[in-house]
Amino acid sequence: MAEENNAEWNSLLEKARAGDRTAQESLCEKIRVRLWPVLQYRLCGWPPQILEDIIQDTLVIFIEKLSIIESNPQKYVLSVLR
């Protein structure tokens with residue numbers, strides 16, 4: 001199951017790198033869903049708007065670096081978040 005999940009992430013990554021706007025938006029939404037509980041846990045008690053700002057900043061960096069990410073975008077974005 002994990003391999004299927006990685007394949008889905010990598011497929012979206014390849015499409016987004018190729019310029020597919022829908023894939024890029026879908027990838028960003030999946031990342032947002034992935035990051036939200038991580039931030040809620042690590043920054044427990046912080047206002048939701050601050051968490052959303054952190055996610056937005058992380059996504060901006062992710063999109064800027066999209067061309068150098070070879071695979072596992074979900075892992076890459078977690079390293080950006082750190």
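What should the 17 residues of helix α3 span at 1.5 Å a residue, and how far apart are its end C-alpha atoms? The legends below start there. This is a predicted model, with local features needing pLDDT of at least 70 and side-chain atom pairs counting only at pLDDT 80 or more, while totals for chains, interfaces and linings use all residues. Residues are numbered from 1 along each chain as its sequence is written, and side-chain values use heavy atoms, with hydrogens and water left out.

**View 1. Helix α3, end to end.** Helix α3 covers residues 48-64; helices here are DSSP runs of H or I with at least four residues, numbered from the N terminus. The expected span is 1.5 Å times one less than the number of residues. For α3 that gives 24 Å, and the end C-alpha atoms are 24 Å apart, so the two agree.

View 2. Leu51, Ile55, Thr58, Leu59 and Phe62 are buried in α3, where buried means under 20% relative accessible area, exposed over 50% and partly exposed in between (1.4 Å probe, protein chains only). Down the helix axis, the buried residues fall within an arc of 100 degrees, so they line one face of α3; the arc is taken from the directions from the axis to the C-beta atoms. An α-helix has 3.6 residues a turn, so residues three or four places apart point the same way. On the face turned away from the buried side, look for the exposed residues Gln49, Asp57 and Glu64.

**View 3. What α3 packs against.** The buried residues of α3 pack against α2 (21-42) and α4 (73-81). Contact means heavy atoms within 4.5 Å. Isoleucine 55, at a relative accessible area of 0%, is in contact with Arg32, Leu35, Trp36 and Leu39, leaving aside neighbours within four places in sequence. The C-alpha atoms of isoleucine 55 and tryptophan 36 are separated by 7.6 Å, though they sit 19 residues apart along the chain. Threonine 58 is buried too, at 4%. With neighbours within four places in sequence left aside, threonine 58 is in contact with Leu35, Val77, Val80 and Leu81.

**View 4. The nonpolar core.** A nonpolar core is a set of buried Ala, Val, Leu, Ile, Met, Phe, Trp, Tyr and Cys residues joined through side-chain atoms within 4.5 Å. The largest one has 21 residues, and those with the most contacts inside it are Leu27, Ile31, Leu35, Leu39, Phe62, Leu66 and Leu81. Helices α1 (2-17), α2, α3 and α4 each supply at least two residues of this core, with α2 giving the largest share, seven residues. Zoom in on leucine 66 and, apart from neighbours within four places in sequence, you'll find it in contact with Leu13, Ala16, Arg17, Gln24 and Leu27.

**View 5. A lysine over a tryptophan.** The charged end of lysine 30 sits over the ring of tryptophan 9, 4.9 Å from its centre. That label applies if NZ of Lys or CZ of Arg is within 6 Å of the ring centre and within 35 degrees of the ring normal.

**View 6. Asparagine 72 and its loop.** Asparagine 72 is in the loop between α3 and α4 and is partly exposed, at a relative accessible area of 22%. Its phi is near 50 degrees, a positive value in a residue other than glycine. Most residues other than glycine have a negative phi.
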